[in-house]
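Student: Please take me slowly through one part of this model, beginning with a single residue and widening out to the chain around it.

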Amino acid sequence: MSEEKKVIVELDENPEYIINMGPQHPSTHGVLRFEVSLQGETVKYLIPHCGYIHRGIEKMCESLTYPQIIHLTDRLDYLSAHMNNEAVSLCVEKALDIEVPERVKYIRSILSELNRIASHQLWWCAFGMDLGGLTCFFYGLRDREKILDIFEESCGSRLLHSFVVPGGLMHDVHPNFKQSIRDFIKYFRKKLPEYDTLLTGNVIFQNRTRDLGIMSKETAINYGITGPSARASGFACDIRKVEPYSAYPYIDFKEILYTKGDTFHRYKARMDEMWESMVILEKLLDKMPDGNDYTAKMKPVIKLPEGEYFQRVETARGELGVYIVSDGNKTPYRLKLRTPNFSNLFVMNKLTAGYKIADLVAISGSLDLVIPDIDR
Amino acid sequence: MEQEQLKEKIVALLPEAEFMTNKQYLDVIVPANKLHAFVTTLKETNDLKFDYLFCLSGVDWQTYFTVVYHLTSSEFGHSIVLKVKTDGRETPEVPSLYDIYATAEFHEREAFDLFGIKFTNHPDLRRIFLEDTWVGYPLRKDYKDEINIIER
């Protein structure tokens with residue numbers, strides 16, 4: 001008889017097990033890596049690693065003229081292209097003290113709201129898909145196509161428009177602009193309840209989102225969270241209300257606020273924003289003046305007077321800040337982009353710690369991160 | 001609160017503050033060694049309550065850097081801009097505000113990554129976008145990268 005062999009396996013009390021989620025994980029919606037430390041299935045802590053598509057847009061801007069910069073801002077948050085264009089345009093106009101025609105203000109706000117709906121639709125598709133409901137993707141994209149058609153008709157492109165430029169718009173909108181938006185609202189009012197039937201009321205969906213990743217109002221303010229994610233926690237941060245710009249001061253609308261701040265309420269905040277955006281669109285369309293002026297008189301070479309200018313704009317994901325330091329040349333001395341997703345990302349550790357790894361996908365989906373906007 | 005009122009309050013809180021004229025916000029230049037205590041008072045004073053840091057940026061002024069803090073109050077809605085000048089550009093140092101605003105931790109990492117401004121007491125001062133082995137700080141005006149940046 002041979003001697004009995006003993007295998008000793010030492011079980012560590014608290015083994016640290018680290019996995020990488022991303023950079024090519026489908027539910028990070030882009031190249032973002034989460035370093036997740038797990039204990040069993042529970043997340044102990046999470047470290048986001050970004051910079052995989054850092055393109056140095058701020059550096060590039062320092063050697064480009066203001067009309068050229070517009071084309072780079074599309075590429076930040078590509079789902080809020082109009083708002084990004086508008087932010088830089090408004091900042092340049094503020095510096096030059098230019099008043100754009102009333103009609104342009106209305107068109108800009110209309111395009112922003114359409115863009116907001118399109119962005120929330122895509123978020124809804126992806127959020128449903130992250131949680132296992134693949135059908136959502138087809139419903140959402142079917143309706144988003146209608147908005148992209150309106151963009152194509154008026155702006156010439158579907159995703160990266162570069163349509164809003166300093167001084168006004170690139171060119172006039174299509175004569176059918178108002179009618180096609182009215183048709184879309186009529187269509188989408190019928191379709192949006194389908195979203196609720198399909199996903200909102202679903203028991204599995206509710207169980208996977210309610211009371212999950214709760215963010216208090218204090219946390220939201222402290223971490224600089226903005227957009228629907230913060231408004232679900234009761235932080236009234238809508239720049240359209242706080243520092244109104246374009247045509248928003250002319251109309252009356254509701255700021256969607258929830259108080260609980262869990263994943264489900266972040267979901268609800270965005271769903272309600274789609275409804276509210278349609279109301280805003282109708283009000284803007286009713287008030288929009290007729291005519292064909294689409295730009296203010298601009299000099300061929302734009303040179304900003306020496307100084308510092310800041311413009312805040314509400315994109316689909318939160319507050320975009322453009323900070324231009326000018327030394328009087330045709331290129332900015334320094335251009336800082338305060339992007340909403342950059343701030344929104346870093347609350348992930350606080351929200352996910354203590355939850356299961358499957359919930360991580362739900363929580364990151366509810367923050368609606370767009371990675372190019374983080375990395376710039 | 002109007003800019004004039006705000007200015008009076010700040011003169012009372014920090015007599016050595018310098019002011020700059022700006023149409024939009026009140027610009028205050030704060031000495032680096034007073035920054036942390038001053039911002040804590042700004043956040044905790046009852047009628048100021050600057051609790052939301054919405055932008056933190058670095059600017060390279062050739063001989064020195066400035067760090068620009070945009071603060072606003074979520075309750076009252078008034079805003080202020082704080083500017084801190086660094087001492088030269090060899091070893092730029094500014095105190096970290098991570099314990100006052102959680103978001104500052106990550107914006108400071110960005111300023112460190114792209115400008116090389118060192119934030120003292122920062123818990124985790126690493127590069128955020130570029131890889132750790134990257135040489136130089138790209139947003140500095142004297143940064144040269146012949147391979148990747150085309151000079152015009």
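Tutor: Helices (H or I, at least four residues) and strands (E, at least two) are DSSP runs, numbered from the N terminus. This is a predicted model, in which local features need pLDDT of at least 70 and side-chain atom pairs count only at pLDDT 80 or more, while totals for chains, interfaces and linings use all residues. Residues are numbered from 1 along each chain as its sequence is written, and chains are lettered from A and ligands numbered from 1 in the order in which they are written.

Let us begin with Leu13(B), which belongs to helix α1 of chain B, a helix covering residues 3-13. With 14 other C-beta atoms within 10 Å, Leu13(B) counts as partly exposed, a class that lies between buried (20 or more such atoms) and exposed (12 or fewer), with C-beta atoms placed from the backbone. If we set aside the neighbours within four places in sequence, Leu13(B) is in contact with Phe38(B) and Thr41(B), where contact means that the C-beta atoms, placed from the backbone, lie within 7 Å. Asp132(B) stands 119 residues away from Leu13(B) along the chain, and the C-alpha atoms of these two residues are separated by 40 Å.

Along its principal axes, the C-alpha trace of chain B spans about 50 × 30 × 25 Å. Of the 152 residues of chain B, 37% count as buried, and among the contacts in chain B with a separation of 6 or more, 47% are between residues 24 or more positions apart.

Next comes a sheet in this chain, an open one in which 5 strands of chain B take the order β1-β2-β5-β4-β3 with mixed pairing; two strands pair if DSSP finds at least two bridges between them. At its edges stand β1 (18-20) and β3 (52-60) of chain B, each of which pairs on one side only. On average, neighbouring strands of the sheet are turned by 25° against each other, direction ignored. Inside this order, β2 (residues 26-29) and β5 (residues 79-85) of chain B run parallel and are joined by 4 bridges; Val28(B), for instance, has Leu82(B) in β5(B) as its bridge partner.

Finally, helix α3 of chain B, made of residues 104-115, lies across β3 and β4 (65-72) of chain B and runs at about 10° to β3(B); axes are lines fitted to C-alpha atoms, for helices over the stretch in contact, and angles run from 0 to 180 degrees between N-to-C directions. For one more residue of chain B, take Val67(B), which touches Leu56(B), Gly58(B), Val84(B), Val94(B), Ala111(B) and Ile117(B), not counting residues up to four places away in sequence.

Notes
Two residues are in contact if their C-beta atoms, placed from the backbone, lie within 7 Å.
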